[in-house]
Amino acid sequence: MRASGEVLHSVAQMSAQVVPARGQMATTLGFHIILACLGIAFPFFVLLAEFIGLRRRNETALRLARRWSQAMGVLIAVGAVTGTVLSFELGLLWPGLMRQYGSVLGFPFAIEGLFFFLEAIFAGVYLWGWQRLPGWAHWWSGVPIAASGIFGAMSVIAVNSWMNQPGGFTEAGGQITSVSPWQVFFNHAAIYEMPHMILAAYMVAGFLVAGVYATGILRGRRDRYHYTGFAIGFVPAAILTPFQIFVGDTAARSIAQDQPVKFAAMEYVAQTSRQVPEWIAGVYVNGRVYAGIKIPYLDSLLVGFGPGTQVTGWNTVPPADRPPVVWLIHLSFDVMVGLGSLLLLWGLWAAYEWWRRRRLPPQRLFWWAGAVSGLAAIVAMECGWVVTEVGRQPWVVYQYLTTADAATSNGGVVTSLTLVIILYAVLGAATIAILRLLSRRWRRGDTEESVPYGPSPEPQNADAGEAGR
Amino acid sequence: MASDAVGGILLAGVTLYAVFGGADFGGGLWDLLAGTTARGRAPRTLIDESITPVWEGNHVWLVFDLVIFWTAFPHAFAAVMNTLALPLWLALAGIVLRGSGFAFRKELSHLSLQRAAGATFAFSSLVTPFFMGTVIGAIAAGDVPADATRASLAAWTSPTALLAGFLFVAACGYLAAVYLVGEAASRGNRAMQGYFARRAQAAAVVAGALSLGALFELQNSDPVVFDRLTSGRALPFVVVAGVCGLAVFALLAVGWTKGVRGIAALGVAAVVWGWGVAQYPVLLPGTSVTLSNAGAPEATMVAIIAVFVAAVVLVGPSFALLYSLQGRHMLGGGEHVALAAAVPVGYVGQPTAGRHRRQPPVADHAPDDAQNHVGSVTRTAALGVVTIAAVIRRMRHR
């Protein structure tokens, strides 16, 4: 009796840390992922601006590239340290996960380490090489940053997708006996998670850039500088949006096969059945959906291209193995899809106007949409992470290890969560304040700055160094 | 054995983090001690210019080491993370504040805000290595149980662990000061060369004293490691470390700067390898956990070795490029306002393209100022050693 009481007690104590530990992981990951998106994709936009500037001798584009790279310096620094927080937290919050599966999921992380190195090293060269590296050499020094952003993202997503679709290892008696690193890396979910996240990063970065200049244009700064800044962010992101919707649709269909319970939570499928309706919005409480719009047969149609397609419900697993708060998963999914579709429509509007009249839409609504497009992309991306992470619960490694078993048994997570929330609130506010400060400074300097601007054609330090002596 | 090779890779990673990342923390330490805004301008400018393009790359060694640790030795990793959760959280907070404080300071233009960001950067540069040192000290002293599930305060507040914490701070300061001597010399800045040479010497004395203190403290906490360090297979590393330390001290005394950075780095590397070799093949001293019985499956070990080879091939030349550009002063400037807290009036910020670099005028007056300073630095260092020794004595008697 006594022993079982102790076990119960320790289980209860363990579980007591799970919720704050998840809260802390969600806070730190939710914060870092925005910076990660910018770290992955923003260098591409900076390089694009510099490319246009160098190739077409476009002073405006060069000036934008130079200024963006200054913002990039701040964002990469904050991203580097908040990313380190996540590495530590894997061990500090989830020692059960690392003890059991560290040797399996370590390989993709090690590959990520390589690309993190390249990103940080070449960021050092690119960000600080503006003055003394010759133009095209400087441009090329930025290419490894953009490339390693993509490959680094693939590596990290390899770990997350492995947690959703574990494979590539054998386990006997609670011990990992063999590992196939490449099967871990290219697991079944990696095929759709990797492109989904990389495209999301490009959309977040592109629409954020576009949003900054759309806001300026709304405020009456209708000059070449603002239109160039808008276009360099907007055009690639808008082009990628339909691809993202295609990848997302494929991912949803794969999840219906691979993680049917997650899919059931996303779409409110309580019972396995055919002719399943699609719910738009709505809150699921005790078997009923309130305030939702029901579209008959659509879910079956989307899953299997026919109304008779059978969709697995969450009734197929015992209640303990179902994700908590299904309405959060469903609404997050709807918000993500909804915002993605609105961004697509917004891009199509611009495409139509360009095709018919060779101009961007003059309507204020278009520019208002532009001003909030970056925020919309961030919200959509965060909602996507809520779907995939909350939807995987109660598992941390799907069907192998529960989150409760992975969590730390150390107390004090509530304290660390509180401190993290305060620290990150300050950090986030400071980062935004610094970016605004930069923008104000640039605006003041708009009239003062003189050309020539941009990387100097020749290294200049030879005489500069002499003058110092 | 693959697990031995991976153990060596992990130790190499730790060495590289100590030698490169450690110096960046030390830079923050000297920034903290550089004094008032006016007096600290010249050293702060030099520190800022030296750290700026390289600190993020150097920082990645930490992440790399963590990943290798948990991939290769997941059980030991979980035990360390559980037992030493508190100092690790504190070190982590320091890492976040250090990096963001440093990056923010550059972009701020108000002096008071620059000071606040600079203080955040500098103070966390002191805190972070201290707590990392206590973590390593606790592991070396054998205070991490193999199946730990609970955090332990005693583990990292033992004399060995605290001494290791102080030693890390001193070693970071030592490396940074030696590197900054080289940086100052390459810029032809004699005043700063002397300024940091004196600080390097003071830090060398403190670091040397703390190393000896930690060594003899190990006699109590981990006699096997102590014996190997003083008379066994790890003795050569101790000798190398000692010789390097003395050589740096002597070379700086005669004003020689060539190769001093390499010797200082070698000395610190020898300390790290001495520790590793002394406790080999045990991974967690005080337990039966060794490199081979704690290790991941063979395929994982091979994968780590392959990644390390890839790192040598890809990352090595990239770092070489970064450091060589940095060494030739090709990196710097950008569209930044001058670091007001570090740049004297009349100095027009970092040189802009085509404009000639101007030496900070204040540097000419620095020697007199620094002459007065040398005594106080030595006194401070001596006082620090005595205080730390007294604290340790008290703790041991308790």
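Is the crossing of α2(A) and α3(B) left-handed or right-handed? In this predicted model, the crossing of the two helices is left-handed.

In total, 71 residues of chain A are in contact with 68 residues of chain B. On the side of chain A that touches chain B, the elements that give two or more residues are α2 (59-93), α3 (95-128), β2 (175-179), α13 (413-448) and α14 (461-468). Of these, α3(A) gives the most, with 23 residues. The residues on this side of chain A divide into 40 nonpolar, 25 polar and 6 charged. For the complex, the predictor reports an ipTM of 0.87 and a pTM of 0.88.

Helix α4(A), residues 135-164, packs with helix α6(A), residues 190-218, at an angle of about 135°, and their axes are 9 Å apart. At that angle, α4(A) is oblique to α6(A), and the crossing of these two helices is right-handed. From α4(A), the contact uses A:I150, A:A153, A:M154, A:I157, A:A158, A:N160 and A:S161. From α6(A) come A:A190, A:E193, A:M194, A:M197, A:I198 and A:A201. By class, this contact has 10 nonpolar, 2 polar and 1 charged residues.

Helix α2(B), residues 41-51, is mostly covered, with 11 of its 11 residues buried. Among these buried residues are B:R41, B:R44, B:D48 and B:E49, together with B:L46, B:I47 and B:I51. In chain A, by contrast, A:R224 of helix α7(A), residues 224-258, counts as exposed, with 11 C-beta neighbours inside 10 Å. Exposed here means 12 or fewer such neighbours. The C-alpha atoms of A:R224 and A:N164 are separated by 47 Å, and the two residues are 60 residues apart along the chain.

Some points of the backbone deserve a look of their own. Most residues other than glycine have a negative phi, and most peptide bonds are trans. A cis peptide bond joins A:Q393 and A:P394, with omega at about 5°; A:P394 lies in the loop between α11 (364-392) and β5 (395-397) of chain A. Chain B has a cis peptide bond between B:Y280 and B:P281, where omega is about 0°. The loop that holds B:P281 runs between α12 (260-279) and α13 (298-327) of chain B.

Phi of A:Y297, a residue other than glycine, is near 65°. A:Y297 is placed in the loop between β4 (288-295) and α9 (298-304) of chain A, and is partly exposed, with 16 other C-beta atoms within 10 Å. For A:Q399, phi is also positive, near 65°. A:Q399 lies in the loop between β5 and β6 (401-402) of chain A and is partly exposed, with 13 other C-beta atoms within 10 Å.

Chain B averages a pLDDT of 84, and 84% of its residues score at least 70. Over residues 334-371 of chain B, however, the pLDDT is below 50, and this stretch has 86 contacts in the model beyond near neighbours in sequence. Where pLDDT is low, the predicted coordinates should not be read in detail.

Methods: Residues numbered from 1 in each chain as written. Chains lettered and ligands numbered in written order. Predicted model: local features only at pLDDT ≥ 70, side-chain atom pairs only at ≥ 80, totals over all residues. Buried ≥ 20, exposed ≤ 12 C-beta atoms within 10 Å, placed from the backbone. Helix = DSSP H or I, 4+ residues; strand = E, 2+ residues; numbered from the N terminus. Contact = placed C-beta atoms within 7 Å. Nonpolar A, V, L, I, M, F, W, Y, C, P; charged D, E, K, R; others polar. Left-handed = near helix turned anticlockwise from the far one by under 90°. Axes fitted to C-alpha atoms, helices over the stretch in contact; angles between N-to-C directions. Parallel < 35°, antiparallel > 145°, perpendicular 65-115°, else oblique. pLDDT = per-residue confidence, 0-100.
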